[in-house]
Amino acid sequence: MKIIFSSSHEIEPAEWLQPLAEAVPGAEVVMWHEDLPAQDAEIAVVWGPPAGLFERERKLRVAFNLGAGVDALFRLPTLPADLPIVRLEDAGMAVQMAEYAAHALVRASRQFDQYESLQREGRWQPLPELDRGLWPVGVLGMGVMGARVASSLAGLDYPVAGWSRSGNAPEGVQAFGGRDALDAFLRRTRVLINTLPLTDDTRDLLCRETLSKLLPGAYLINMGRGAHLVEEDLLALLDSGHMAGATLDVFRTEPLPAGHPFWTHPRVTITPHVAALSLRRETIAQVAGKIRAYLRGEPLSGTVSRERGY
């Protein structure tokens, strides 16, 4: 049984291929290269693969994605319509997203930006104490990532709500479900955290219409995808004063172009798509476990629905 491996990231093949082969007994793992002939692989393990992989490897039975988001795969015109896709569900990413969200939320609510300014001015000036009731948090997306974010922030005693298609939410988190509940969810939220997958239904969801419904002095933390956010609308709401700030990890164009207004906006904090990175050891262990389950004919968690887009 042969596995074809492809990643758009620069990797050390020995750190990925050998451990994966050892974790799937009987498997031969080969690295994709455009100059190689077809390998007749049955399984693909990929992250941002080239379109040519699916053109050449015609005997694939399943593809395992080395990440939670599969929108890049679906943009490939060569992806077979009937090829099952299985996505990564955590691999150490959920706790990283919870850390990222907590850092951005606490930085805003505990006024650490203001304290940094006071330090630069050489001023000793305690600011008003935190009233968590004035900082209701809303998390978009209640998958593995969003649920971990919501539970972590609820554990810090912030009032937290979660919105999803299904209306599921972990204990201690107020649940909102479906499009009909989105308006009420937004209107009770001051800090909006996005962990949604990118689909046709969620593209441009973070726009003037939705962001304007947030409570005054709102903050946005976007860890989903850049295409969720209409960037011009956010800038307008920041400049109008309705929104007090934004922490953004993902962008429509990456790397963020030089001269983009986000680089210098005083109320925008940016990071280079690092909110949650797949950890190699955990990723290999999870993917290998899914491959072994697949070979045994067992149902797989993380199987992507083409209809939903995740």
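Leaving aside its neighbours within four places in sequence, which residues is L215 in contact with? The views below come from a predicted model, and the first one takes up this question.

**View 1. L215 sits in the loop between helix 8 (208-211) and strand 10 (218-222).** Once neighbours within four places in sequence are set aside, the contacts of L215 are P136, L186, R187, R188, T189, R190 and H242. L215 has 29% relative accessibility and therefore counts as partly exposed. For a sense of scale, look for V30 too: from C-alpha to C-alpha, L215 and V30 are 52 Å apart in space, and in sequence they are 185 residues apart.

View 2

**View 3. Strand 1 (residues 2-7) and strand 2 run parallel and are joined by four bridges.** Here V30 comes back into the picture: this residue of strand 2 stands opposite I4.

**View 4. Helix 1 (residues 13-23) packs with helix 11 (residues 280-295).** As a reminder for reading this view, two packed helices are described by the angle between their axes and the distance between the axes. For helix 1 and helix 11, the angle is about 40° and the axes are 9 Å apart. That angle is why helix 1 is oblique to helix 11. The crossing in which helix 1 passes helix 11 is right-handed. On the helix 1 side, the contact is made by E15, W16, P19, L20 and A23. Helix 11 brings R280, T283, I284, V287, A288, I291 and R292.

**View 5. R225 lies in the loop between strand 10 and helix 9 (231-240).** Is R225 buried or exposed? With a relative accessible area of 19%, R225 is buried, because buried means under 20%. Leaving aside neighbours within four places in sequence, R225 is in contact with W47, G69, D71, N194, L198, V250 and H273.

Definitions and conventions
Residues numbered from 1 in each chain as written. Predicted model: local features only at pLDDT ≥ 70, side-chain atom pairs only at ≥ 80, totals over all residues. Heavy atoms only, no water. Axes fitted to C-alpha atoms, helices over the stretch in contact; angles between N-to-C directions. Parallel < 35°, antiparallel > 145°, perpendicular 65-115°, else oblique. Left-handed = near helix turned anticlockwise from the far one by under 90°. Contact = heavy atoms within 4.5 Å. Buried < 20%, exposed > 50% of the residue type's maximum accessible area, 1.4 Å probe, protein only. Pairing = 2+ DSSP bridges.
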